[in-house]
Amino acid sequence: MAGHSKWANIQHRKGRQDKLRAKVFSKMSKEITVAAKMGDPDPDKNPRLRLAIKEAKSVSVPKDVIDRAIKKSQGGDSEDYEEIRYEGYGPNGVAVIVEAMTDNRNRTASVVRSTFTKNGGNLGETGSVGFMFDRKGEIVYPAAIGDADTVMMAAIEAGAEDVESTEDGHVIWCADTDLNEVSTALEAELGESDATRLVWKPTVTTEMDLESMQKLMKLIDALEDDDDVQRVTANFEASDAVMDQLGDE
């Protein structure tokens, strides 16, 4: 997918994931606490919690951190978080969606707005870029799980919409409302996935050169450094040559 998997690759290659480990754990814990508070603390009875735990495990969040986050949701002292989506434009007119979870809407809006402004972008109204994305379920498997035909057949049986197979692995797409059902069916057939999550999938993309990508990464890094921001998605497209240059920095 344009933007999404490539961005994950850059993060991985830059070693940024290690630096952000504590922050990532904190964001995952927050998602687990909110999911457990909104529904049932038993993941078998709460699809959103089940997916949150799965995503946390995919980035190696320890079991005791996950258990603590669920327990926190049942205590009276857990904060009331509100989920907010911000939409805006980054360098070169690239569309950016910022998903946040906050206990102070004004603080988060102010930080997100100034981060866009300081990094060559501008925050728009809700809906200003959302029409360029579809809300989808994304299930990722390693290449070793099987060839493209095997995975395609399993995905069709499970009720998925599409599969993208490359030498890096298989990305299976489904309707956002079908994610729990499709991922459960795939697990029975292919085993545990590397990642299962809801994402914003671009329907149109913006081509980026090296300079634009450097500016965009600066914006996304700054947004992700904010504790209230859960995830950032951009609809960029860049050539392998540009991505390789970024990876070497």
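Me: Before we start, what makes a stretch count as a helix or a strand here?

Reply: Happy to start there: a helix is a DSSP run of H or I with at least four residues, and a strand is a run of E with at least two. By that rule, the chain of this predicted model has 10 helices and 10 strands.

Me: What makes E3 a strand?

Reply: Strand E3 spans 122–123, and a run of E needs at least two residues, so E3 qualifies as a strand.

Me: And how do you know that E1 and E3 pair?

Reply: Pairing asks for at least two bridges between the strands. Strand E1 (residues 82–89) and E3 share 2 bridges, so by that cut-off they pair, in the antiparallel sense. You can find Tyr89 with its bridge partner Asn122 in E3.

Me: Why is E3 called an edge strand?

Reply: E3 belongs to an open sheet of 4 strands in the order E3-E1-E2-E9, with antiparallel pairing. Strands E3 and E9 (229–234) each pair on one side only, and both are edge strands. Helix H3 (residues 21–38) packs on this sheet and touches E1, E2 and E9, at about 105 degrees to E9. Helix H9 (residues 210–224) lies across E2 and E9, at about 160 degrees to E9.

Me: How do you know that E4 and E6 pair?

Reply: They are joined by 7 bridges, and at least two are needed, so E4 (residues 133–142) and E6 (residues 169–175) pair. They run antiparallel, and Gly137 stands opposite Cys174 in E6. Both strands are in an open, antiparallel sheet with the order E5-E6-E4-E7, whose edge strands are E5 (162–166) and E7 (195–202). Helix H8 (residues 179–190) lies across E4, E6 and E7, at about 15 degrees to E4.

Me: What makes Lys201 sit over the ring of Trp173?

Reply: One part of the test is that NZ of Lys is within 6 Å of the ring centre. The charged end of Lys201 is 4.2 Å from the centre of the Trp173 ring, and Lys201 is listed as sitting over that ring. As for aromatic pairs, a search of the whole structure finds 0.

Me: Why is Asn104 called partly exposed?

Reply: Buried means under 20% relative accessible area and exposed means over 50%. Asn104 has 32%, which is in between, so Asn104 is partly exposed. You will find Asn104 in the loop between strand E2 (95–102) and helix H6 (105–118). For the chain as a whole, 49% of the 249 residues count as buried.

Key:
Residues are numbered from 1 along each chain as its sequence is written. This is a predicted model: local features need pLDDT of at least 70, side-chain atom pairs count only at pLDDT 80 or more; totals for chains, interfaces and linings use all residues. Side-chain values use heavy atoms; hydrogens and water are left out. Contact means heavy atoms within 4.5 Å. Axes are lines fitted to C-alpha atoms, for helices over the stretch in contact, and angles run from 0 to 180 degrees between N-to-C directions. Rings of Phe, Tyr and Trp (its six-membered ring) pair if their centres lie within 6.5 Å; planes under 30 degrees apart count as stacked, over 60 as edge-to-face and the rest as tilted. A charge sits over a ring if NZ of Lys or CZ of Arg is within 6 Å of the ring centre and within 35 degrees of the ring normal. Buried means under 20% relative accessible area, exposed over 50%, partly exposed in between (1.4 Å probe, protein chains only).
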